[in-house]
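Colleague: I should like to go through this structure with you, step by step. May we begin with how far it can be trusted?

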Amino acid sequence: MSLPLLSGILVLFFGMLARSSPTPDSLDGHTSLTDCPSCALSRMQKDMPATSQQADMVEAVKQHILTMLHLKQRPNITQPVPRAALLNAIKKLHVGRVGEDGNVEIEDDSHSRTEMNELAEQMSEIITFAEAGASSGLVHFQISKEGSDLSLIEQANVWLFLKLSKTNRSRAKVTIRLYQKKQGTSKGEEELVVSEKAVDTRRSGWHTLPVSSSVQALLEKGHNSLDLRIACEQCQEAGATPILVEKDEREQSHRPFLMLAIRQSDEQPHRRRKRGLECDGKISTCCKKQFQVSFKDIGWNDWIIAPTSYHANYCEGDCPSHIAGSSGTSLSFHSTVINHYRMRGISPFNNIKSCCVPTKLRAMSMLYYDDGQNIIKKDMQNMIVEECGCS
C-alpha cells in the first residue's frame with residue numbers, strides 16, 4: 001500500500017477545509033502551488049472552529065476506511081446477528097476474543113512485529129576468520145569495530161571443521177575444547193576452558209562451539225581480539241584432525257571462523273534511529289498529530305465489530321530547509337537529494353517546499369459485517385501513522 005493512498009485522508013480533509021475557508025497564505029482563497037498541505041494544516045486549523053475541524057476529520061476517516069475495505073458505502077445492517085451467536089463463533093474460530101468489558105478484541109500483532117523490526121535494525125551479524133596464533137594450536141580472531149561498538153552479544157560461535165581420515169572406522173566420540181588465557185595472570189599463564197563439545201567421528205564435518213560469554217567479557221573490557229587454543233586429546237587415536245589455519249590451499253575452505261550476532265546496547269542512544277516528534281501544541285515543526293475516532297460515537301459500531309476505535313493519526317507542521325532530510329528515516333536520502341538542489345537555487349527545486357509526511361506506518365486488523373451479514377476479518381496495511389518526517 002503506497003503513502004499516497006494513506007494521504008487520501010488528508011487530501012479529502014484539505015478539500016473540505018478549502019471549501020469552508022480561504023488559506024492564510026492567500027486572500028483569494030487559493031494556496032500557493034509551492035505550499036505544502038501538511039505545512040498549512042496547522043495554520044488553517046487556527047482559523048476554524050474546533051467542532052468544524054472534528055466533523056471534517058470524521059468524514060475523512062469514514063471515507064478512508066470505506067476505501068481501504070473496497071466499499072462504496074457502509075453496509076446496511078437490517079437484521080443484526082444475535083450477540084451470543086457472534087461471540088460463540090468468534091471464540092470457536094479464534095479470530096478474536098471477548099474482553100472484560102464485553103467488547104470483541106482482535107489479536108493485533110503489529111506492535112510485536114514493529115518491535116521485532118526495530119530489534120532487527122539494531123542487530124549485526126559478523127563473520128571473522130581465524131588467523132594463525134603465536135604457537136601451534138592457537139588461533140586469533142580480530143573482531144571488527146562494528147562489533148566493538150554494538151557490544152551486546154546475542155550469540156557467538158566458533159565454527160571448526162573436523163577432518164576424518166579415509167581409513168577411519170571408529171564411531172567413538174571425541175571432545176573438542178577451547179582454552180583461553182586467564183586475564184591478569186603472570187607468564188605462567190593459567191588457561192580456562194571456555195567451551196567444549198563431544199562430537200562423533202563417523203564423518204568429516206563442521207562443529208560449533210559457543211563462546212558468547214568470552215566475547216562479551218572482552219568487549220566490556222574494551223578489547224576486540226580473541227585468542228583461543230584448540231585441543232582434542234582423543235582426536236589422534238580416532239583418526240580425526242581439527243583443521244586450523246593451514247597453508248595447504250586445499251584446506252582454505254575449512255578455515256575456522258567466528259560468527260557473531262551482536263545487538264546495539266541501550267546505553268548508546270546516539271546510535272539509535274531518531275524518532276519523529278509528537279505534536280504537543282508547543283511546536284510548529286513537522287510532527288505526528290494524535291486523532292482517535294470511536295466507532296460508537298460515529299454510529300458505526302453496528303457493522304464494525306472490532307476494534308472499537310481507529311487511531312487516525314496524521315502529520316502536520318513546517319519543514320524548514322535545515323531539518324529536511326534529517327529525520328533518520330527511509331525518506332532521508334530522497335530528501336537530501338531534493339534539498340541539495342534546492343539549496344543551490346536550481347529551478348524548479350528552489351520553489352518546492354519540503355513536506356511533512358508519514359515515515360513509519362503500521363497495519364490494522366478489522367472485524368466487520370458485510371451487507372450479507374457475513375463476518376469479515378481484514379488486515380489493512382499502512383493504516384496507522386506511527387511517525388512523521390520531512391520529505
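Modeller: pLDDT is the predictor's confidence in each residue, on a scale from 0 to 100. It applies here because this is a predicted model.

Colleague: Which element of the chain has the highest confidence, and at what mean pLDDT?

Modeller: Confidence is lowest in helix H2 (residues 8–20), where the mean is 43. Residues 1–34 have a pLDDT below 50. Where pLDDT is low, the predicted coordinates should not be read in detail. The highest confidence belongs to strand S9 (residues 205–210), at 94.

Colleague: Which strands stand at the edges of the sheet?

Modeller: The open sheet has five strands with antiparallel pairing, in the order S4-S5-S10-S7-S8. A strand at the edge has a single partner, so one side of it is left without a neighbour in the sheet. The edge strands are S4 (131–132) and S8 (191–200).

Colleague: What is the bridge partner of Val-174 in S8?

Modeller: Strand S7 (residues 173–181) runs antiparallel to S8, and nine bridges join the two. In S8, the partner of Val-174 is Val-199.

Colleague: What angle does the direction of helix H8 make with that of S10?

Modeller: Helix H8 (residues 212–220) packs on the sheet and touches S7, S8 and S10 (225–231). Its buried residues include Val-215, Leu-218 and Leu-219. The direction of H8 makes an angle with that of S10 of about 150°.

How values were computed: Residues are numbered from 1 along each chain as its sequence is written. This is a predicted model: local features need pLDDT of at least 70, side-chain atom pairs count only at pLDDT 80 or more; totals for chains, interfaces and linings use all residues. Side-chain values use heavy atoms; hydrogens and water are left out. Two strands pair if DSSP finds at least two bridges between them. Helices (H or I, at least four residues) and strands (E, at least two) are DSSP runs, numbered from the N terminus. Contact means heavy atoms within 4.5 Å. Axes are lines fitted to C-alpha atoms, for helices over the stretch in contact, and angles run from 0 to 180 degrees between N-to-C directions. Buried means under 20% relative accessible area, exposed over 50%, partly exposed in between (1.4 Å probe, protein chains only).
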